[in-house]
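Reader: I would like to learn how to read the helices and sheets of a model. Please take the features one at a time.

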Amino acid sequence: MGFYKFLLSRAITFVLVVFIGITTVFFVPRFLPSDPVEAMIGRMTSKSAFMEPGAVESMRKTLNESFGLQGTIVQQYFGFIKRVVFTHDFGPSLANYPTPVNELIGRALPWTMGLLLISTLISWLIGNAIGLLSGFRKEKAYSKVLEAISIALYPIPYYIFALILIMLFAYIIPIFPLSANFMGKGFSWEHIKSLLVNSALPALSIILVGTGWWVISMKTLSSGIAEEDYVHFARLKGLKERKIMTKYVLPNAALPQVTMLALQLGSIFNGALITEYLFGYPGIGTLIFGAILQSDYNLIMGTITISIIAVAGATFIIDFLYPFLDPRVRYK
Amino acid sequence: MRKKQGFISLVLALMLLMSACSEEASNTQEPASTDSDKPTASAAATAANTVGGGKMTDVGTPRNQTLIVDILSGKTADPDLVNPYVPGAVPMDAGFHQLIFSSLWEINTEKGEQIPDLAATFPEPLDNTNTKFKFKLQEGLAWSDGVEFTADDVVYTSDMIIKTKELGYSGYYASLVKSMKALDKYTIEVETVNPETRLAQKLGVVIWGTAFRVMPKHIWEKEDPTKFKFKDPVGLGPYTLKSRDPQGNWFLYEKRKDWQKSDIGKIVGEPGAQYILFKFFGPEEKRIIASIQHEMDILQDITPESWDVLRQKNKTALAWYENFPYADMNDPCERGMSFNASKAPYNNEDVRWAMALMTDIKNVSLATFGGMLRVSPIQLPPISVLQEKYHKPMVGWLKDFQLSDGYKPFDESYATDMVEMLKQQGIKGLPTDTKEAVNTFGVGWYKYDPAQAGKLLEKAGFKKQGDKWLKPDGTPWKVTINAPANFEVQSMRLAFAVADSWKKNGIDANVQQMDGATFWDSESTGAFEVGSYWPACGLLPDSTANFQGWHKQYIVDNGKQAPGNRNRWANDKVSSLIDELAGMQSSDPKVISHITEINKEFVKGMPFIPMFGTSKFVPVDTYYWTGFQTSKNAFEGPWWWWSQFKYYTPHFKPTGK
């Protein structure tokens, strides 16, 4: 019964977080000192011939109607909640009108997932492996070297790393393309090759910096656990070092790392904005960047709502799984 | 090492699996055309390899047959949305209005005059009411799918826009055109809503392009114009869309087999490039690298610093001028400081003039673009055509012009002074005579005279405390200049340079950088004191259209979206001159004199401090292609993102590399 109560409380928290999140996402863009209709008219009138002010007014009216921005903000809000909850529809993108937001997100999401999910998992695996080794065997020379590399990599912002990689491997030694260009179809060799070549640099920029962070955090956790009494006791019992590391230290050090991983996986729905922009990668980050610049309310709401649901969902799943992973919190 | 390679391969393979699941991935490089007879890009690549085995582009076309052009507007989120009448269409300057769509009338930017394109003649009034006109269309043109172009297409487009209220352009168009009808296959009669003396300007191109683009009736009449994507666009330009990047980074165009039946084929001749690839490479650093590596032939709008790097690293790169100032200076919107004239203390023309006299324009020019700017003292950009029509003829008046206290602010020596300043910096290739210097740097500007500025401020009630100015109410004078944050680099830099000049003279000036949406919104709602805007555009000697919005009838309260006159500056004489201009034909000599009078009013009132014409660094790489226009070979301005690009295409020739 205790477990179900625990689950119910977490489910209610999840729903509340999502509701408050999407409500905030609805209102915040509307408090910005910008207007999508005005932005579009400004863009049009700055490039094309002069329009009589009366005609501009008429265009403004038409665009407001088309974008569904007429009515009070409260009416717009209830319309938005109704659409999102019942039809999962975020309406048309204002900057790419009349293309639906869902279509734009649907196009971008697999690319972001492909890049960030794999990069995050790889950096997590490599970082934790190195961190465990350097924390458990901190007296070894290789541990010190690996730790030093990680400390050097970690503070570098990933976009600086991205620029360095571009300069190195697209200009000085031009073995990778300057801008992403995905050729071919499905599982053809042309497409596979194009994906490998075009994803290598953005992935590397995320993996290298991400790995540094995981090494540092895992090293801190594992070196602390390595000093615990039960680890000393295991040594006194004559267990092999490898077994102590994998069976005694790793499971305990991994718990917070799993939590962090889940949260990071949830946040991949935000995209790697600058990396995607720099490499011309067609993901959610690029989409959000454009949406904010153009005050595309619907697209901002669509992308951020998905991100909120993903992060809240990840937290909910972690909460759900934690009792199974850690007996100390079971049924508390 | 081998293990590492294996690991990296595994990682990337996993990445591939994720991305390959995307529906988009499965559509990549799908030819846009539905014409199965046309070869795909891959087929073209194979053919080229078989024939010459030369270098290929990354979209599979022979490099020596492909002209690669930068996309100024960048990446597009929905590259399938080509319907130009819906607000979110692919930016037209991704090649669509340069190569596929055509207008009734185009513009020759060098001569500053409109020219017929799809139309064969200009609108001819049918009576003396200026509400009924007729014009002829070009004969012998065909849509890119082979169907003949006739008056029915133009009439259909007109009717479609008027009837479809959901199209953003509909409101404007319906307020201009009452109806169009085909008198015969090539003759159209137009009835306007109000008397109209500039119909060709309203429906044709005067600067960048036009919203009125003729669509093929035989395709559009079967579709809902509000939802139709027009994914496979059919046009009257000399190229067709061959393929596109589903991610929106590039569009590949191929020369029409029947290019003789396109507007350019008929008016100019055969385009030189078999393929034209419009491609977005990303941030400026990547665009420069692409040009250094000969991966891009035409660059659009870079900074002077990037041009410095490029000319050192790429010996085949070419700018508009061979020497300083390198940049083309004929962009039609000049830059300066715009005032919200409804807000104190900027509602006082003495204050506005004081700020002009506190601007050290030579140093501002150096700080903004290294001195590569042409100065403008009036409300019209200092492009060559308008310099001859307005700037030079107004020098006499400007020299005599006096402020209220009799002070003469104009300084004719700007151009020669700039030449001397730049010489001292070791710049080579500067103009050697005064006439050339004026043509390069402008006819002159206003004196840098903080003492005179101080007199004007004191007259307005300001007081100086130490080295800072206090407003008439005794509070410190703080000015915020709105500036674009991520676009229009010249305006952004100008704001900082001007703020620096004002700060040195006791005004606490700060620059507020804003993204595009916020920047424009602030201007239109009057949420600014001073802005680095550009409300002074023009290319044609008849710049009436660019002044109409300044009529006092368009002034609204701050907080409301202004339909025009965003500076909220009311001037009775300007409004009355605008009213008179509305009834004149463009060819009427009074047009020039009226606009000159309007310019005088702007100088007196200074609601916008005009500073510089816009300099654009638009270099080209002559490694694979020749025939680009330069200052020595100017058949058009180098406005690669404008619709006139199609007129350049017959001039491009491969170098044979």
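Author: Start with axes: they are lines fitted to C-alpha atoms, for helices over the stretch in contact, and angles run from 0 to 180 degrees between N-to-C directions. Helices (H or I, at least four residues) and strands (E, at least two) are DSSP runs, numbered from the N terminus. This is a predicted model, in which local features need pLDDT of at least 70 and side-chain atom pairs count only at pLDDT 80 or more, while totals for chains, interfaces and linings use all residues. Residues are numbered from 1 along each chain as its sequence is written, chains are lettered from A and ligands numbered from 1 in the order in which they are written, and side-chain values use heavy atoms, with hydrogens and water left out.

Reader: At what angle do the axes of α7(A) and α8(A) cross?

Author: Helix α7 (residues 158–172) of chain A crosses helix α8 (residues 189–225) of chain A at roughly 135°, and their axes come within 9 Å. The two helices are therefore oblique to each other (under 35 degrees is roughly parallel, over 145 roughly antiparallel, 65 to 115 roughly perpendicular, and the rest oblique). The crossing of α7(A) past α8(A) is right-handed; a crossing has that hand if the near helix is turned clockwise from the far one by less than a right angle, and is left-handed if anticlockwise.

Reader: Which residues of α7(A) and α8(A) make the contact?

Author: Contact means heavy atoms within 4.5 Å. On α7(A) the residues are Tyr158(A), Phe161(A), Ala162(A), Leu165(A) and Phe169(A), and on α8(A) they are Leu201(A), Leu204(A), Ser205(A), Leu208(A) and Val209(A). They divide into nine nonpolar, one polar and no charged. Here Ala, Val, Leu, Ile, Met, Phe, Trp, Tyr, Cys and Pro count as nonpolar, Asp, Glu, Lys and Arg as charged, and the others, Gly among them, as polar.

Reader: How far apart are the axes of α5(A) and α13(A)?

Author: The axes of α5 (residues 101–136) and α13 (residues 297–325) of chain A are 9 Å apart, and the helices pack at an angle of about 50°. That makes α5(A) oblique to α13(A). The crossing is right-handed. From α5(A), Val101(A), Leu104(A) and Ile105(A) meet Asn298(A), Leu299(A), Gly302(A), Thr303(A) and Ile306(A) of α13(A). This contact has five nonpolar residues, three polar and no charged.

Reader: How many helices and strands are there in chain A?

Author: Chain A has 13 helices and zero strands. Its C-alpha trace spans about 90 × 60 × 40 Å along its principal axes.

Reader: In what order do the strands of the antiparallel sheet in chain B stand?

Author: Strands of a sheet pair through backbone hydrogen bonds, either parallel or antiparallel. Two strands count as paired if DSSP finds at least two bridges between them. In chain B, four strands form an open antiparallel sheet in the order β4-β5-β7-β6. β4 (124–125) and β6 (177–184) of chain B stand at the edges with a single partner strand each, so one side of each has no neighbour in the sheet. Five bridges pair β5 (residues 132–136) with β7 (residues 187–192) of chain B, and Lys132(B) stands opposite Glu191(B) in β7(B).
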